[in-house]
Amino acid sequence: IMEVIARERVLRLIQFAARLSSGCVSSVRYSNGLQRLASNIASTRTVLRLLDISVISSLITAVQQLQSEYTFYNMLDVTSSLTGIIFLSVEHMAYFGDLKMLPLNTKPLHILTVKGWISFLLITITQLLIRMYNRYTRYSFLLSLIQYTCDLIIAVHFLPSGFLWSNTLSVTSVGLLGIISSGIALYKCINNYMYN
């Protein structure tokens with residue numbers, strides 16, 4: 001499972017590096033090529049998430065913890081896992097709709113996917129803030145908070161125009177935020193592998 005997670009983190013890092021680079025090069029041809037590369041990697045990651053069973057195992061673990069000790073934090077854990085499963089399922093429906101394998105209007109599904117991602121991130125950030133003082137070291141807390149805040153900024157950007165900063169960030173800004181978030185996620189993954 002750690003190898004699958006690490007592969008996902010590396011792909012995500014390359015995807016956002018391509019986005020950042022596309023906003024930095026002066027050649028329109030290279031910029032478009034890098035945007036296509038980022039888009040293709042995003043599609044690859046979507047397909048790989050079809051094979052990811054970690055969200056289901058996370059839900060089972062969260063439900064078991066909730067049964068043994070009913071706390072607000074454990075309830076958030078179950079809610080977070082359920083939200084993850086729902087928004088990934090909607091994302092896959094949208095993906096197959098884009099491929100014309102399902103007769104669906106995918107635009108509302110893509111918006112719903114982003115809203116699900118935002119909900120997931122807000123729950124995760126709330127969980128981080130709850131356990132800030134007891135289980136987390138300040139360093140890992142800060143890293144995780146930066147990671148999920150960067151993702152939240154990106155997610156809001158992908159909503160339709162008119163909500164907060166949606167559709168207002170430059171390609172370079174999205175790429176930079178994605179690199180920060182993905183770099184932290186990859187660092188945490190390697191750290192967990194080495195010390196656990």
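# Briefing on an all-helix predicted model

At the start of H5, the backbone nitrogen of Lys107 has a side-chain oxygen of Asn105 within 3.5 Å. This contact belongs to a predicted model whose chain holds 7 helices and 0 strands. The points below move from the chain as a whole to its helices, its nonpolar core, and selected residues.

**Overall form**

- Read along the sequence, the elements of the chain follow the pattern α-α-α-α-α-α-α.
- The C-alpha trace spans about 55 × 40 × 35 Å along its principal axes.
- The radius of gyration of the chain is 18 Å, which agrees with the value near 16 Å that a compact globule of 196 residues would have.
- Of the 196 residues in the chain, 37% are buried.
- Among contacts between residues at least 6 apart in sequence, 64% join residues at least 24 apart.

**Helices H5 and H6**

- H5 has 25 residues, which should span 36 Å at 1.5 Å a residue. The end C-alpha atoms of H5 are 36 Å apart, in agreement with that expectation.
- H6 covers residues 138-157, a run of 20 residues. From its first C-alpha to its last, H6 reaches 28 Å, close to the 28 Å expected at 1.5 Å a residue.

**The largest nonpolar core**

- In soluble globular proteins, nonpolar side chains tend to be buried together.
- The largest nonpolar core in this model has 19 residues. Those with the most contacts inside this core are Trp117, Ile118, Leu121, Leu152, Ile154 and Ala155.
- At least two residues of this core come from each of helix H4 (72-98), helix H5 (106-130), H6 and helix H7 (171-195).
- H6 supplies the largest share of this core, with 7 residues.
- Ile118 is in contact with Leu152, Ala155, Val156 and Leu159, leaving aside its neighbours within four places in sequence.

- Gly175 has its place in helix H7 and is buried, with a relative accessible area of 0%.
- Apart from residues up to four places away in sequence, Gly175 touches Phe16, Arg19 and Leu20.
- The C-alpha atoms of Gly175 and Gln15 are separated by 8.2 Å, although these two residues are 160 residues apart along the chain.
- Ser181 also has its place in helix H7. At 1% relative accessibility, Ser181 counts as buried.
- The side chains of Ser181 and Asp151 are joined by a polar contact of 2.7 Å.
- Leaving aside its neighbours within four places in sequence, Ser181 is in contact with Arg12, Gln147, Cys150 and Asp151.

**Cysteines**

- A search of the whole structure finds 0 disulfides. A disulfide would require a pair of cysteine sulfur atoms within 2.5 Å.
- The cysteine sulfur closest to that of Cys150 belongs to Cys24 and lies 16 Å away, so the separation is too far for a bond. Cys150 is buried, with a relative accessible area of 7%.
- For Cys189, the closest cysteine sulfur is in Cys150, and the separation of 18 Å is likewise too far for a bond. Cys189 is buried, with a relative accessible area of 6%.

**The loop between H6 and H7**

- Leu164 lies in the loop between H6 and H7 and has a positive phi of about 50° although it is not a glycine. At 60% relative accessibility, Leu164 counts as exposed, because the cut-off for that class is over 50%.
- Asn167 is also placed in the loop between H6 and H7. Asn167 has a positive phi of about 60° although it is not a glycine.
- With a relative accessible area of 46%, Asn167 is partly exposed.

Definitions and conventions
Residues numbered from 1 in each chain as written. Predicted model: local features only at pLDDT ≥ 70, side-chain atom pairs only at ≥ 80, totals over all residues. Heavy atoms only, no water. Buried < 20%, exposed > 50% of the residue type's maximum accessible area, 1.4 Å probe, protein only. Helix = DSSP H or I, 4+ residues; strand = E, 2+ residues; numbered from the N terminus. Expected span 1.5 Å × (residues − 1). Core = buried A, V, L, I, M, F, W, Y, C linked by side-chain atoms within 4.5 Å. Contact = heavy atoms within 4.5 Å. Polar contact = N/O pair within 3.5 Å; in protein donor to acceptor, adjacent residues only side chain to side chain. Rg over C-alpha atoms; globule rule 2.2 N^0.38 Å.
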